[in-house]
Protein chains: 2
Amino acid sequence: MERSDVEEEIMEATYRAICEHGYAGLTMRDIADESEKSKATLHYHYDTKQELFLVFLDYLIEEFQERVDGLETEDPAEEVVEILTPRSEELTEGFRTAVLEMKAQSPYNEGFRRKLVEHEKSLSRRLEETVRRGVEEGVFRDEVEPSEAAEFLITLMNGLRERSVTVGKTDEELRETVEEYVETNLIYDAEARDRDGDRYGSSGGET
Amino acid sequence: MERSDVEEEIMEATYRAICEHGYAGLTMRDIADESEKSKATLHYHYDTKQELFLVFLDYLIEEFQERVDGLETEDPAEEVVEILTPRSEELTEGFRTAVLEMKAQSPYNEGFRRKLVEHEKSLSRRLEETVRRGVEEGVFRDEVEPSEAAEFLITLMNGLRERSVTVGKTDEELRETVEEYVETNLIYDAEARDRDGDRYGSSGGET
């Protein structure tokens with residue numbers, strides 16, 4: 001989606017404001033305060049907070065997409081781990097909490113719901129592709145069903161992120177859980193990978 | 001925890017009010033409207049909305065605990081599935097959404113956080129016991145590590161419940177995912193179970 005410089009700046013200001021104040025009580029004033037633009041400029045671009053937040057959701061989804069598209073690993077197992085694990089430096093506790101707040105609005109907010117469903121579908125397709133490639137390349141087991149694995153991985157990702165907000169699970173714990181799952185359930189011969197030292201992160205996928 | 005009849009009635013009224021209005025905007029007035037008690041009576045028992053909600057979280061956790069303690073199955077695999085899958089008739093969409101809203105308050109609300117952590121610990125102990133029994137009885141595989149399995153199951157449960165709110169996953173989909181996980185990851189010989197017709201739910205665990 002093409003956004004003008006002004007719109008881009010408003011999105012970044014929204015990001016900072018939501019990290020600071022959370023979603024529920026956030027006002028256009030809070031967002032303007034994080035930006036060099038006036039509240040009037042905000043309203044010129046976005047009639048309502050709802051409209052702005054729908055664009056903000058697109059913005060977040062694109063950011064996620066760019067990160068995933070930018071992954072440099074060729075290894076399907078590492079790719080799955082990288083897609084599922086958050087980059088701590090970008091996802092502050094305030095931000096994750098705000099995302100959970102927005103998700104809790106989904107049943108009351110048809111626009112939010114539509115975007116979340118769309119995002120999960122596209123993520124599911126991407127994970128399915130990665131898993132299918134893993135099976136074809138013999139990295140993952142033959143009996144792994146790519147679309148089922150993709151669905152399961154999304155559920156796992158949501159559960160992990162929720163628990164990082166609700167009970168303070170750390171990103172290391174999140175990553176370990178995902179790695180453990182991939183090793184136990186997807187990888188054809190995890191022990192051989194261990195012997196070869198070919199584990200996740202060893203090829204610099206962390207950056 | 002012992003509650004008087006009045007307190008019990010207030011909890012039930014809170015449940016109805018939260019299903020109706022969600023958590024964020026809920027007022028003591030909304031709760032009083034669902035009850036035969038006056039707003040003054042509410043305030044006599046609970047000084048603030050925060051105080052009332054802390055007791056309400058205890059009430060929910062006890063309800064969950066009672067359901068789990070009341071499970072009649074002897075089969076560890078069925079027990080895991082029953083613990084993890086919600087009973088639709090009791091968990092309306094409004095209620096689940098409100099729970100997600102409350103969870104999103106956890107980073108800002110030390111009392112909520114403490115109760116959620118406590119609840120997950122007790123649930124983890126219970127799942128760990130069930131998994132350990134499953135391993136001892138030869139229903140689950142020897143290599144299953146009970147405490148790791150319990151942690152993973154809680155993450156899975158949270159992810160599933162979140163997705164029932166955010167993207168409208170049905171309870172049947174939730175149950176299938178859990179059953180699939182238990183079969184693929186815990187059960188020693190799922191095919192033999194299938195042959196014997198000894199699958200979950202066949203012994204009436206749904207009630």
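Which residue forms a salt bridge with A:Glu62? The views below come from a predicted model, in which local features need pLDDT of at least 70 and side-chain atom pairs count only at pLDDT 80 or more, while totals for chains, interfaces and linings use all residues. Residues are numbered from 1 along each chain as its sequence is written, chains are lettered from A and ligands numbered from 1 in the order in which they are written, and side-chain values use heavy atoms, with hydrogens and water left out.

**View 1. A salt bridge between A:Glu62 and A:Arg3.** The partner of A:Glu62 is A:Arg3, with the closest N and O atoms 3.0 Å apart. A:Glu62 lies in helix H4 of chain A and A:Arg3 in the segment before helix H1 (5-21) of chain A, so the pair ties together parts that are 59 residues apart in sequence. A salt bridge here is a side-chain nitrogen of Lys or Arg within 4 Å of a carboxyl oxygen of Asp or Glu. Helices (H or I, at least four residues) are DSSP runs, numbered from the N terminus. Over all chains the structure holds 42 salt bridges.

**View 2. Helices H4 and H6 of chain A.** The axes of H4 (residues 49-69) and H6 (residues 93-105) come within 13 Å and cross at roughly 125°. Axes are lines fitted to C-alpha atoms over the stretch in contact, and angles run from 0 to 180 degrees between N-to-C directions. H4(A) and H6(A) are therefore oblique to each other; angles under 35 degrees count as roughly parallel, over 145 as roughly antiparallel, 65 to 115 as roughly perpendicular and the rest as oblique. In H4(A), A:Phe53, A:Phe56, A:Leu57 and A:Leu60 meet A:Phe95, A:Val99 and A:Met102 in H6(A), contact meaning heavy atoms within 4.5 Å.

**View 3. Helices H5 and H7 of chain B.** The axes of H5 (residues 76-84) and H7 (residues 110-136) come within 9 Å and cross at roughly 160°. That makes H5(B) roughly antiparallel to H7(B). Among the residues that meet are B:Val80 and B:Ile83 in H5(B), and B:Leu123 and B:Leu127 in H7(B).

**View 4. The interface of chain B and chain A.** Chain B gives 37 residues to the contact and chain A gives 37 residues. About 3000 Å² is buried between the two chains, and carbon and sulfur atoms give 55% of this area. Buried area is the accessible area (1.4 Å probe) that two parts lose on being put together, summed over both. The rule finds 10 salt bridges across this interface. A:Glu162 forms a salt bridge with B:Lys103, the closest N and O atoms being 2.7 Å apart.

Conventions: Helix = DSSP H or I, 4+ residues; strand = E, 2+ residues; numbered from the N terminus.
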